[in-house]
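Me: I'm new to reading protein structures, and I'd like to go through one step by step. Could you show it to me and take my questions?

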Amino acid sequence: MVFLIASGVTTAYFWWTFERRSDTSIATQTEVSAHLTRMSETIAGIGAALQSYVAPGQLDEPWFERTSELVDQLSNDIEQARARLRSPGAAQALDALAGSTEALMAADDRTRQNLLLGQELMASDVIFSDGRNILDAMTAGLRDLRAAEYTYHQAELRALSRQRRLALGATALLWVAGLFALVPIPATSMPAAERQSARVPGEGFVKPPAEQRSRVEQRPSVDLASAASLCTDFSRVTTTAALPDLLGRTARVLDASGVILWMSAGEQMFPVMGHGYQPDVLARLGPIARDAQNAAAAAWRTQQLTIVGATGPTDNGAIVAPLFGLHACVGVLAAEVRHGGELNPATQALATIIAAQLSTVVPAWPAPSLIQPAETAQGVEPEPALEDATREAQSA
């Protein structure tokens, strides 16, 4: 009995140790994931800052300082990650990231020199060729590193779970053997013939009940192939002339009767362009204030996806997805969806993905056109698709 009690106490101690190790492993993985996410956001911020060097109407010095800050932050994060990452190839991956950071700094120096010499085309070539290739390689390396850390973490948790089961099974076996040893053995036993006749075939067997099928809620499917193609084409946009056609494809992917792109300027949002509506309808749409009581203003204000349910079986609902710039929400994408798509989580997620891709194309366009019309007098022509929004804002 003393031996059994001691084995139980020992097993409890080991179980507690395994639980602590599991909790520590989970906490460490959470910290590592957050750290790698911050590094990914820093890399994305560096890419946006580099592109702002050659953006119309942007001053160079603020973006020079922003790029230097982000590069320093990325270098510090890489050094801090060396003590946290535990996967076998983490050290080599971090060395590769450090080397890419140095290459990125060299490309940034060349870009700044070209800008100082007035060679904007040369600076753009460095940014969108060497700089973009380096950033893409860093993003891919960070993604592989995240996957390696996750795999290592899951393997560690499985090993701890296996050790817990082994400890519990060994203790249970010891207790069964000990309890049998403690049971007194009678002096006489049942004759063999009687023991044979005492067996009842199937005794103690309970037939399990029949399995019941669970109902699976059928939801409308989305065309992921078309959505992927649309996002790819958004990433290739170089002029606003391509946006109307892409908005039409957005409406088809979301099964929407109409789509409107709203962009912010100060404390108001303006309808920049749309699809599925007559031109006079868009012309009558005035600016929306930040505190307006409608779905578009709510999505802009709260920076969260907003839906409007259909009021009747033949009415359309709406999904409004925010568009994020580097530091804030810069507008919304509003879609008037059919067939109850606003309640479909897949459609909501798809609208969020398209808005995120679209935000990489348009974040810097409305503000110069709406807030600083004097740029035209300085020889910078505004985008044709935004001229209507400019006149609308001035008349408002």
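**A walk through the chain**

Reply: Gladly! Of the 396 residues in the chain, 34% count as buried. Please keep in mind that this is a predicted model.

Me: How many helices and strands are there in the chain?
Reply: Both kinds of element occur here, and strands number six. The helices in the chain number twelve.

Me: Let's turn to helix pairs. Are helix 1 and helix 2 roughly parallel or antiparallel?
Reply: Good place to start! Two packed helices are described by the angle between their axes and the distance between the axes. Helix 1 covers residues 2-52 and helix 2 covers residues 60-81; their axes are 9 Å apart, at an angle of about 155°. Angles over 145 degrees count as roughly antiparallel, so helix 1 and helix 2 are roughly antiparallel.

Me: By class, which residues make the contact of helix 1 with helix 2?
Reply: In this left-handed crossing, helix 1 contributes residues including Met39, Ile43, Ile46 and Leu50, while helix 2 contributes residues including Trp63, Leu70, Leu74 and Ile78. Charged residues are there too, among them Arg38 of helix 1 and Asp77 of helix 2. By class, the contact of helix 1 with helix 2 has three charged, seven polar and eleven nonpolar residues.

Me: How do helix 6 and helix 7 run, roughly parallel or antiparallel?
Reply: Helix 6 spans residues 224-235 and helix 7 spans residues 243-254; the axes are 10 Å apart and the angle is about 160°. Since that angle counts as roughly antiparallel when over 145 degrees, helix 6 is, relative to helix 7, roughly antiparallel.

Me: Which residues of helix 7 meet helix 6?
Reply: The crossing of helix 6 and helix 7 is left-handed. On the helix 6 side we find Ser226, Ala227, Ser229, Leu230, Asp233 and Phe234. Their partners in helix 7 are Leu243, Leu246, Arg249, Thr250 and Val253.

Me: Is the crossing of helix 7 and helix 10 left-handed or right-handed?
Reply: Helix 10 covers residues 345-359, and its axis comes within 10 Å of the axis of helix 7, crossing at roughly 165°. The two helices are therefore roughly antiparallel. Their crossing is right-handed.

Me: Is Leu358 buried or exposed?
Reply: Leu358 is found in helix 10, and it touches Phe234, Leu243, Leu261, Leu323 and Leu333, not counting residues up to four places away in sequence. Its relative accessible area is 0%. Buried means under 20%, so Leu358 is buried.

Me: How many Å apart in space are Leu358 and Leu243?
Reply: In sequence, Leu358 and Leu243 are 115 residues apart. In space, C-alpha to C-alpha, they are 9.4 Å apart.

Me: Is Glu120 buried or exposed?
Reply: Glu120 is found in helix 4, residues 120-182. Leaving aside neighbours within four places in sequence, Glu120 is in contact with Val54 and Leu115. Its relative accessibility is 53%, so Glu120 counts as exposed.

Me: What is phi of Asp255?
Reply: Most residues other than glycine have a negative phi. Asp255 sits in the loop between helix 7 and strand 1, and its phi is positive although it is a residue other than glycine. The value is near 55°.

Me: And where does Gln303 lie?
Reply: Gln303 is not a glycine, yet it has a positive phi of about 60°. At 38% relative accessibility, Gln303 counts as partly exposed. Its place is the loop between helix 9 and strand 4.

Technical notes:
Residues are numbered from 1 along each chain as its sequence is written. This is a predicted model: local features need pLDDT of at least 70, side-chain atom pairs count only at pLDDT 80 or more; totals for chains, interfaces and linings use all residues. Side-chain values use heavy atoms; hydrogens and water are left out. Axes are lines fitted to C-alpha atoms, for helices over the stretch in contact, and angles run from 0 to 180 degrees between N-to-C directions. Helices (H or I, at least four residues) and strands (E, at least two) are DSSP runs, numbered from the N terminus. Angles under 35 degrees count as roughly parallel, over 145 as roughly antiparallel, 65 to 115 as roughly perpendicular and the rest as oblique. A crossing is left-handed if the near helix is turned anticlockwise from the far one by less than a right angle, and right-handed if clockwise. Contact means heavy atoms within 4.5 Å. Buried means under 20% relative accessible area, exposed over 50%, partly exposed in between (1.4 Å probe, protein chains only).
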